[in-house]
Amino acid sequence: MVSGNLFHYRKNSWPPEEYINRTTLQLFDIDSSAPPEHAWRRKLNSQASILKEFSVTFTEAIKMVRLGVRLWYYVREEASHGRKAPIDPFTREHCKPSSTQGVPLGGMGSGSISRGFRGEFRHFQILPGTCETSPVMANQFSIFISRDGGNKKYASVLAPGQHDGIGKPSDQGISSWGWNLTGQHSTYHALFPRAWTVYDGEPDPELKISCRQISPFIPHNYRESSLPTAVFVYTLVNTGKERAKVSLLFTWANSIGGSSHLTGDHVNEPFIGEDGVSGVLLHHKTAKDNPPVTFAIAACETQNVSVSVLPCFGLKEGSCITAKDMWGKMVQDGHFDRENFNKGASMPSSPGDTHCAAVSASTWVEPHGKCTIAFSVAWSSPKVKFCKGKSYHRRYTKYYGTSEMAAKDMVHDSLTNYMLWEEEIEKWQNPILKDEQLPEWYKFTLFNELYFLVAGGTVWIDSCFPAEDTNGIKSIITDNKKVKKTKPRIVHRSADTIKETAESGSGSDASVDVDSIGSTSKRFSDEEALSDHGNSVGENCFASKLLNPTNDEDDVGRFLYLEGVEYIMWCTYDVHFYASFALLELFPKIELSIQREFANAVLFEDRRKVKFLAEGNWGIRKVKGAVPHDLGTHDPWHEMNAYNIHDTSRWKDLNPKFVLQVYRDFAATGDLSFGADVWPAVRAAIEYMDQFDRDNDGLIENDGFPDQTYDAWTVHGVSAYCGSLWLAALQAGAAMALQLGDEAFAEKCKNKLIKAKAVFEEKLWNGSYYNYDSGSSSNSKSIQADQLAGQWYTAASGLPDLFDEQKIRSALQKVFDFNVMKVRGGRMGAVNGMHPNGKVDETCMQSREVWTGVTYAAAATMIHAGMRDQAFTAAEGIFTAGWSEEGFGYAFQTPEGWTIGGHFRSLIYMRPLAIWAMQFALSPSTSRTVLKAPMLNMMDKTHHVANSSHDECTVKKIADKARCFGNAVFHCSC
């Protein structure tokens with residue numbers, strides 16, 4: 001995949017005319033069947049190279065040997081309980097990763113299936129935390145063409161035949177099919193959530209074919225975007241002189257990936273639905289008592305298109321109907337027998353056998369005529385079950401019910417509504433695609449990086465209440481079902497304490513106290529006490545009622561997404577810090593719901609013992625006041641902090657990141673009810689950090705181990721990364737406190753900020769950038785690409801700059817000149833660490849890596865600072881190395897990072913969604929933030945503008961007028 005041109009040749013445009021004959025493009029210039037002007041493109045005969053995975057150096061291996069041994073034993077222990085460890089570097093997939101990925105299918109949170117650019121269906125993520133990477137080769141589209149006179153006949157699978165495991169043509173399975181497509185004249189065009197495959201005269205030189213793949217990923221549409229379905233619209237153009245009979249075939253195995261098709265007890269049945277939609281249901285019985293899955297494949301019958309089905313065929317000799325028999329029937333007749341619809345459900349499959357189904361749609365295409373055929377696939381698994389027993393109903397069940405038969409309804413609705421989906425998608429994308437000031441690579445990469453919100457193992461449930469609690473443990477969440485909704489809350493404010501109570505005659509059965517020294521307490525009634533069977537975990541479950549949205553329209557259920565398919569932890573918060581801009585821009589209600597989850601978590605403690613693998617020491621799972629690293633793996637929301645390499649309660653970045661994200665979201669949405677609900681947690685998170693300011697200078701210190709998101713990169717003393725995050729958090733905390741009427745806490749944050757900023761400048765500023773840390777190690781003066789992370793969020797939130805503009809620009813220019821341009825001429829992104837002598841910092845694995853999301857974040861910071869050219873040059877390196885045809889082949893599986901040699905670590909990773917931080921920075925400042933923050937010098941005057949009536953105002957009253965502030969320190973735009 002990588003050519004010698006990677007670091008020497010720069011391409012600025014990828015017009016479709018370079019890939020498709022111009023005449024063919026004109027033929028498809030109707031009904032969105034032509035690929036868009038801006039898209040990621042590949043020829044179907046492009047080589048799918050095996051990707052190169054990173055390896056540690058000998059020195060790094062020696063340093064990590066104790067960790068490696070402990071991790072190995074932990075992985076084995078988890079496996080003995082039938083669980084997969086969140087981080088497992090020892091187990092490798094049978095299918096080696098290759099550069100074959102394309103746009104995934106479906107909406108968010110109901111399981112996903114990826115489709116490679118050559119047409120194969122792969123990466124099945126139907127069960128939570130499980131990714132079956134190997135393609136299911138029986139899942140294919142095929143075409144059968146015969147022309148008047150019968151002299152010309154064509155039959156071919158619509159995917160190139162160079163795939164492993166197809167076998168010999170004499171077999172009874174899929175190897176007997178016609179794998180005749182070379183892909184030389186066929187191209188793939190991706191603009192998430194849609195993709196186009198154009199067959200320009202393959203296999204019939206006189207038939208032009210466009211397949212348009214559409215999934216319901218529609219920003220701000222919380223209904224359609226939850227649906228596990230996709231549509232494939234085929235447009236056929238006959239350029240010949242004879243009429244052509246064309247039959248398209250959609251085949252599907254009763255499988256959720258891997259070897260699941262061989263487990264037995266799977267049943268297929270045909271159906272005829274409304275509005276001409278008919279097809280086959282494939283009922284899949286999953287292993288290990290996981291909830292069942294039902295697939296539906298269907299086509300839409302019209303006046304010109306007839307649909308027929310073969311409900312069941314097998315892949316080996318001995319099947320009643322084999323794959324070879326099925327193919328022969330299509331070659332001969334171009335359709336199946338109509339009476340197949342009356343066959344009813346098949347017999348359950350036997351272990352070792354595979355049930356497959358086929359749907360055929362046939363039509364005549366007149367000379368120089370056009371015809372459209374639409375197929376759909378949907379999968380219904382109403383319950384999502386986690387490894388430790390709890391099950392929840394998926395979000396789409398709110399609209400389609402909890403029956404597996406919902407798949408039939410979803411294929412119907414997708415086939416009748418896909419044009420409306422496309423209208424909404426185009427309305428969303430066109431302003432960016434038509435912006436001539438944006439580089440072309442950026443336009444389509446911005447949308448394509450969103451693939452992760454579908455293929456990143458997302459889970460979206462309808463309610464916080466488990467569908468069933470199979471482990472029999474009483475849970476606070478379940479009990480909350482009985483609790484009546486209280487009236488809107490009043491926040492009573494005093495100088496040192498915020499106490500939240502319910503405005504009701506009977507009072508509240510729970511309250512949160514946050515005192516001036518940072519202690520937090522959560523009190524439950526006796527009925528809510530958690531039975532912990534000997535463990536002190538009474539506070540590890542969320543009391544959801546405290547932080548649930550008061551408006552039902554804002555209740556979007558609960559949303560999880562993985563750190564990555566190799567790092568199986570839900571909503572990893574230090575990484576969400578980078579990725580969250582995508583959700584804030586496109587699904588802000590989901591973003592607020594995630595922040596509510598973490599706000600709730602801050603105030604709870606889980607005292608169960610955990611062994612931390614880096615040092616071998618023991619601690620408790622969740623410390624009160626500390627922001628959790630993640631929401632868990634096998635029992636999300638109830639067993640947080642699945643990450644156990646380090647004790648993250650001692651990390652220095654998580655709490656500041658929580659404060660910054662909450663304030664950014666608060667300012668961007670203007671949702672004061674949200675702000676008031678999470679404020680006790682924000683205040684607790686800030687006060688928790690006081691323990692790390694050991695010399696009382698206002699600035700936190702790192703503790704000589706990797707106590708932040710760079711969890712292999714040791715930090716000593718004051719650090720640029722954590723220090724700048726802390727400064728920004730103090731400023732955000734002060735601004736939020738003022739907006740919510742807690743003037744005393746605002747003053748406290750302001751005073752700390754003034755002291756801490758002076759120390760930060762004194763200890764780290766060296767005249768051109770901020771040193772990595774204030775220690776005396778060999779890398780203390782390294783140039784860190786992420787050194788201005790706090791300034792990035794400050795600018796994004798509409799707050800005053802943390803530092804002088806000259807220093808900000810100087811530090812960013814240093815990062816650009818060294819971390820970006822000294823690495824292969826700027827064609828790889830920004831390396832995390834660089835010595836001031838221009839050599840890459842090889843202190844550890846992470847210092848020498850290029851992190852994709854960090855590069856996007858640094859580029860966003862540059863945009864905020866008015867350094868647009870440097871920003872796009874830096875970010876283009878990620879596109880060139882990761883996405884371009886000359887690059888390493890990481891499209892639609894963008895990894896956490898790569899080395900200078902292009903070896904990846906952790907494919908399909910969350911952090912690259914940070915490209916949406918660039919778009920956030922490019923948006924006009926007036927549209928970025930609703931709330932206007934006070935300037936620091938205005939904070940000095942807060943005691944003059946505070947008035948006694950402010951103590952009595954309620955959050956509800958403020959929220960009713962979200963964009964207007966009577967307080968004189970704010971600029972009111974009403």
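Colleague: How many bridges join strand E10 to strand E15?

Modeller: There are 10. E10 covers residues 244-253 and E15 covers residues 356-365, and the two run antiparallel. Keep in mind that this is a predicted model.

Colleague: Noted. Which residue is the bridge partner of Ala253 in E15?

Modeller: Cys356.

Colleague: What is the strand order in that five-stranded open sheet?

Modeller: E5-E4-E10-E15-E14, with antiparallel pairing. The edges are E5 (153-157) and E14 (306-313), each pairing on one side only. On average, neighbouring strands are turned by 15° against each other, direction ignored.

Colleague: Take Ser142. Which strand is it in?

Modeller: Ser142 sits in E4, residues 140-147.

Colleague: Is Ser142 buried or exposed?

Modeller: Buried, because its relative accessibility is 0%.

Colleague: What is Ser142 in contact with, leaving aside neighbours within four places in sequence?

Modeller: Ser156, Val157, Leu158, Ser247, Leu248, Leu249 and Trp327.

Colleague: Switching to the nine-stranded open sheet. What's the order there?

Modeller: E1-E6-E7-E8-E9-E16-E13-E12-E11, and the pairing is antiparallel. E1 (40-43) and E11 (267-272) are the edge strands. Neighbouring strands in this sheet are turned by 15° on average, direction ignored.

Colleague: Which helices pack on the sheet?

Modeller: Helix H6, residues 406-433, is one of them. H6 touches E6, E7, E8, E9, E11, E12, E13 and E16. Its direction makes about 110° with that of E16. Helix H7, residues 440-448, also packs on the sheet, touching E1 and E6. The direction of H7 makes about 75° with that of E6.

Colleague: And how many bridges join E12 to E13?

Modeller: Eight, between residues 277-284 and residues 293-300, running antiparallel. Val277 has Cys300 as its bridge partner in E13.

Colleague: Which E7 residues point which way?

Modeller: Arg194, Trp196, Val198 and Asp200 point one way. Ala195, Thr197 and Tyr199 point the other way. In a regular strand, side chains alternate between the two faces of the sheet.

Colleague: How does E7 connect to E6?

Modeller: Through a hairpin with two residues joining them. Six bridges link the antiparallel pair. Thr187 has Val198 as its bridge partner in E7.

Colleague: And on to E8: how many residues lie between E7 and E8 in their hairpin?

Modeller: Six. Gly201 in that turn has a positive phi of about 90°. E7 and E8 pair in the antiparallel sense over seven bridges. The partner of Thr197 in E8 is Cys211.

Colleague: Last topic, helices. At what angle do H11 and H13 pack?

Modeller: About 40°, with their axes 9 Å apart. That angle makes H11 oblique to H13. H11 spans residues 588-602 and H13 spans residues 672-688.

Colleague: Is the crossing left-handed or right-handed?

Modeller: The crossing of H11 and H13 is left-handed.

Colleague: Which residues meet there?

Modeller: From H11: Leu592, Gln595, Arg596, Ala599 and Val602. From H13: Phe674, Asp677, Val678, Ala681, Ala684 and Ala685. The contact divides into eight nonpolar residues, one polar and two charged.

Key
Residues are numbered from 1 along each chain as its sequence is written. This is a predicted model: local features need pLDDT of at least 70, side-chain atom pairs count only at pLDDT 80 or more; totals for chains, interfaces and linings use all residues. Side-chain values use heavy atoms; hydrogens and water are left out. Two strands pair if DSSP finds at least two bridges between them. Helices (H or I, at least four residues) and strands (E, at least two) are DSSP runs, numbered from the N terminus. Axes are lines fitted to C-alpha atoms, for helices over the stretch in contact, and angles run from 0 to 180 degrees between N-to-C directions. Angles under 35 degrees count as roughly parallel, over 145 as roughly antiparallel, 65 to 115 as roughly perpendicular and the rest as oblique. A crossing is left-handed if the near helix is turned anticlockwise from the far one by less than a right angle, and right-handed if clockwise. Contact means heavy atoms within 4.5 Å. Ala, Val, Leu, Ile, Met, Phe, Trp, Tyr, Cys and Pro count as nonpolar, Asp, Glu, Lys and Arg as charged, and the others, Gly among them, as polar. Buried means under 20% relative accessible area, exposed over 50%, partly exposed in between (1.4 Å probe, protein chains only).
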